[in-house]
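Visitor: I have this one open and would like to go through it piece by piece. Can you take my questions as they come?

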Amino acid sequence: MKKKKMIISQETMDVDFVRKVEALSGTSVRRCFQCGKCSAGCPMATFMEHPPNRVVRLLQLGQWQRILAGRSIWYCASCETCSTRCPNKVHLASIMDALRKLSWDAEGASKESYVQLANKLFLQNIRTYGRQYEMRLAAVFNVKSGQFLKDLMLGPKLLAKGKLKMFHRKNKNLSEIEKIFSRIEEMRKKGEAL
Amino acid sequence: MSRIGVFICHCGENISRTVDVERVAQQVGKMPGVAFSTDYKYMCSDPGQNLLKKAIQEQNLTHVVVAACSPRMHEKTFRKAVEAAGLNPFLCEMANIREHCSWVHENREEATVKATEIVGMMVERVKKNRVLPTITVPVTKRSLVIGGGIAGIQAALDIADCGHEVILVEREPSIGGHMAQLSETFPTLDCSQCIMTPKMVDVANHPNIKLYTYSEIELVEGYIGNFQVTIKKRARSVDEDKCTGCGVCMTKCPQKKIPNKFDQNIGMRTAIYIPFPQAVPNTPVIDRENCTMFKTGKCGVCQKVCGPGAVDFEQQDQLIIEAVGAIVVATGFDLYTIDEKPKGSLIKGYGEFGHGKIPDVIDGMTFERLASASGPTGGKILRPSDGKEPKQIVFIQCIGSRAREKGISYCSKVCCMYTAKHTMLYHHKVHDGQAYVFFMDARTPGKSYDEFWRRSIEEEEAVYIRGMVSRLYQKGDKIIVRGSDIAVGVQVEIEADMVVLATAIQPQKGADTLAQKLGISYDKYNFYSEAHAKLRPVECATAGIYLAGACQGPKDIPETVSQASAAAAKVMTLFSKDLLEREPIVARVKESGCVGCFACKKVCAYGAVEEKEIRDRQGNLIKTVAFVNPGVCAGCGTCQATCPSKSVELDGYTDEQIVAMIESL
């Protein structure tokens, strides 16, 4: 995807997506003139296939698929060095945040990162139990991500200290929690929320 | 016997820190011919100058040497002081013991010895100095302006408003130049015609301006204050006095399909024509190459329909001689020819952009005519091939500019800005279209310029792609543009409906020929050279000739207007005196030794060397010798160095003086 020739036209430039990013992040993408200061100071830039300045450039060309297919947004540490130093007041950390949010529903987003999976399981857990049930979260995450033995040795220690409970305790007002989830779901269907 | 006074300056501590000035004064005082020597903290200050004046009068001094800074700094100051004390200013010389000694040495002992030697050299030199009278030249207070674009118009109006007569010569049938062709101007987007045409009318109506259009400079003779200019007024075939500008001739002319150069050849005109409706003068001209009457001898429709009987097929070219005191050169620019290589030129064209083969690949000026309300499409952006509105338009910057391989390594300065303007004009006229710009760098220095460029991206939604286009080709009715985005690092491809190339600015064709007629210097691109890049940017090295506008280098309108007004101010400074005073540092020919080889004439950059015949009393020619016109000579000394028989001497720098200096060491 990175090296593939880019066909630019009014059809391939997804301006609507860019507008969404701008609305979510509250910053202008067009303002960037590619000075490269964000990438110069980014502590994570070496791990990204699209350094921060290129992320903005791809947004300017409406090529969000190229960004979301990569892992750049997941390596961003939200340290905000880029936003602090940008000469054009482009709040790049907010743009990264917006992209991570938008990647939830986007097609072709990278599966490389487990962040999305963790988020999904976390919310499912809360919906089911009304509170967090860490043992289950850890177990399901390990199974779904295919890393069965990940952090296994930490379990006994946490159990001994009482940080991890064997059995869950359900929230008393589970129906109230369900209402919150249903309402958000409804709003998402209507496009009122992300 | 000369009585020389030597004055040694401490320059605060600048000199006295490393040079023992008192010892220098003492030792120089012992030299033969030196009657007085002293030192002072600041010689250039008022008390310092008074000390010098007092010494000249009290000691009855005949020559003066001031040992201080560079003559470039204070020679004028001290010569003025010497003159005030009653001596000829050219009997005063400066010995540079600051830049040439104290500033570049650390050892006090050695520096003192060197300073003494430098002063000693100047003492020997000044003994040979002669009294030189200031040269005065009468000034003809009329000026010639060559070129009727915005630069020429502005300069002409400024000089004329000051009460001096101006002769404005324009090659084309109308004044206005390239600015009249533009649609809107950056960074304010005001209409070019609206700000240009009133100035054109002012020129036509000004009592002090004599306008020659459809005319060219044939010959320039003379020197500052006294030029004789021969102007060739080409036959218009229409009597300017009789013509009322009604335009009936143009409506009746049967030749209607001649490409109009003013509209970049996309619009058509008749054989008898005015280039554009707002032309000044509003008198048509017959294009003899395309006129049926001139080609076959049969037609004459225009003559038949002309009420006042202004059409005159018999009209001949005229040569007019005008006497002027100053010349402003404002010949402007021409655009780079993309697809052809001009004969004998080092400039190459581009094959890869298909200009000339693909009809919808146009240059920036053609886009200006398309966008102009008075243009061939009435201001609609339409493709030349099928007249459709382009929905995807690609602009490519730096065509010819900054391309060493093509023969031009300079930046044309205006393309970034006018391309930004084009994207805006396009966005205003084609709301559902998209503009793309391929660029290497965006260079927008100037008041409100960068803001303008950013506006085209941030508000007018132009997509700027940093990276150049490698090739473009026709596919169906689309043009495939292949380029790269270097920020992303990928190749990009755009299916465009129209492509606009931002071509480089070049000097006007024939700029070199005109420069040779005027005797002014020009660079390898044929841009005219100014006397000093920073401190004399509107003057030529040749006295009395001034530069305005893009003939000197790429310029935008505000800069051109500023330079034109500056050139006008220089002309007015010249005209403020009845007699022109010049420094008498000029070359003189010793006629007895001159053999008339005229090697000096060949090397003189200012055209100051003339041929002079020496005859006996009966009028028989004895020999022809060189003569240096002191009004033109700039005192550079090239002729002196060239003369094989050592017959040319530069006053103030004679061989005798130089030898005396060397021998004193």
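Guide: What follows is a short walk through a predicted model, taken by topic.

Visitor: Start with the interface. How many residues of chain A are in contact with chain B?

Guide: 17 residues of chain A are in contact with 16 residues of chain B. On the chain A side, β1 and α3 (52–60) each supply at least two residues.

Visitor: Which element of chain A gives the most?

Guide: That is α3(A), with four residues.

Visitor: You mentioned β1 of chain A. Which strand of chain B pairs with β1(A), and in what sense?

Guide: Strand β26 of chain B, residues 490–496, pairs with β1(A) in the parallel sense, over three bridges. Within that pairing, A:M6 has B:V492 as its bridge partner, and A:I8 has B:I494.

Visitor: What is the order of strands in the sheet they belong to?

Guide: The order is β1(A)-β26(B)-β25(B)-β24(B), an open sheet of four strands with mixed pairing. The edges are β1 (6–8) of chain A and β24 (469–475) of chain B; each has a single partner strand, so one side of each is left without a neighbour in the sheet. From one strand to the next, the twist averages 25°.

Visitor: Staying with chain A, what does the domain assignment give?

Guide: For chain A the assignment gives domain 1 (15–102) and domain 2 (115–190). The centres of domain 1 and domain 2 of chain A, taken over C-alpha atoms, are separated by 30 Å.

Visitor: What about helices α8 and α9 of chain A, at what angle do they cross?

Guide: Helix α8 (residues 115–129) and helix α9 (residues 134–145) of chain A cross at roughly 140°, and their axes come within 10 Å. The crossing of α8(A) and α9(A) is right-handed.

Visitor: Which residues make that contact?

Guide: From α8(A) they are A:L117, A:A118, A:L121, A:F122 and A:N125, and from α9(A) they are A:R136, A:L137, A:V140, A:F141, A:K144 and A:S145. By class, the contact of α8(A) with α9(A) has seven nonpolar, two polar and two charged residues.

Visitor: Over to chain B. How many helices and strands?

Guide: Chain B has 34 strands and 18 helices. The C-alpha atoms of chain B fill a box of roughly 95 × 75 × 45 Å along the principal axes. Of its 665 residues, 46% count as buried. Among contacts in chain B between residues at least 6 apart in sequence, 70% join residues at least 24 apart.

Visitor: Which domains does chain B get?

Guide: The assignment for chain B gives domain 1 (4–127), domain 2 (235–315), domain 3 (333–506) and domain 4 (583–663).

Visitor: How many residues of domain 1 are in contact with domain 4 of chain B?

Guide: Five residues of domain 1 of chain B are in contact with five residues of domain 4. The side of domain 1 that touches domain 4 of chain B has three charged, two nonpolar and no polar residues. The centres of domain 1 and domain 4 of chain B, taken over C-alpha atoms, are separated by 32 Å.

Visitor: How many bridges join β1 and β3 of chain B?

Guide: Five bridges join β1 (residues 4–9) to β3 (residues 63–68) of chain B, and B:F7 stands opposite B:V66 in β3(B).

Visitor: Last one, B:V628. Buried or exposed?

Guide: B:V628 is buried, because 23 other C-beta atoms lie within 10 Å and the cut-off is 20 or more. B:V628 is in strand β33 (residues 621–628) of chain B. Leaving aside neighbours within four places in sequence, the contacts of B:V628 include B:V586, B:V589, B:A608 and B:C633.

Conventions:
Residues are numbered from 1 along each chain as its sequence is written. Chains are lettered from A and ligands numbered from 1 in the order in which they are written. This is a predicted model: local features need pLDDT of at least 70, side-chain atom pairs count only at pLDDT 80 or more; totals for chains, interfaces and linings use all residues. Two strands pair if DSSP finds at least two bridges between them. Axes are lines fitted to C-alpha atoms, for helices over the stretch in contact, and angles run from 0 to 180 degrees between N-to-C directions. Two residues are in contact if their C-beta atoms, placed from the backbone, lie within 7 Å. A residue is buried if 20 or more other C-beta atoms lie within 10 Å of its own, exposed if 12 or fewer, and partly exposed in between; C-beta atoms are placed from the backbone. A crossing is left-handed if the near helix is turned anticlockwise from the far one by less than a right angle, and right-handed if clockwise. Ala, Val, Leu, Ile, Met, Phe, Trp, Tyr, Cys and Pro count as nonpolar, Asp, Glu, Lys and Arg as charged, and the others, Gly among them, as polar. Domain bounds come from an automatic or database domain assignment.
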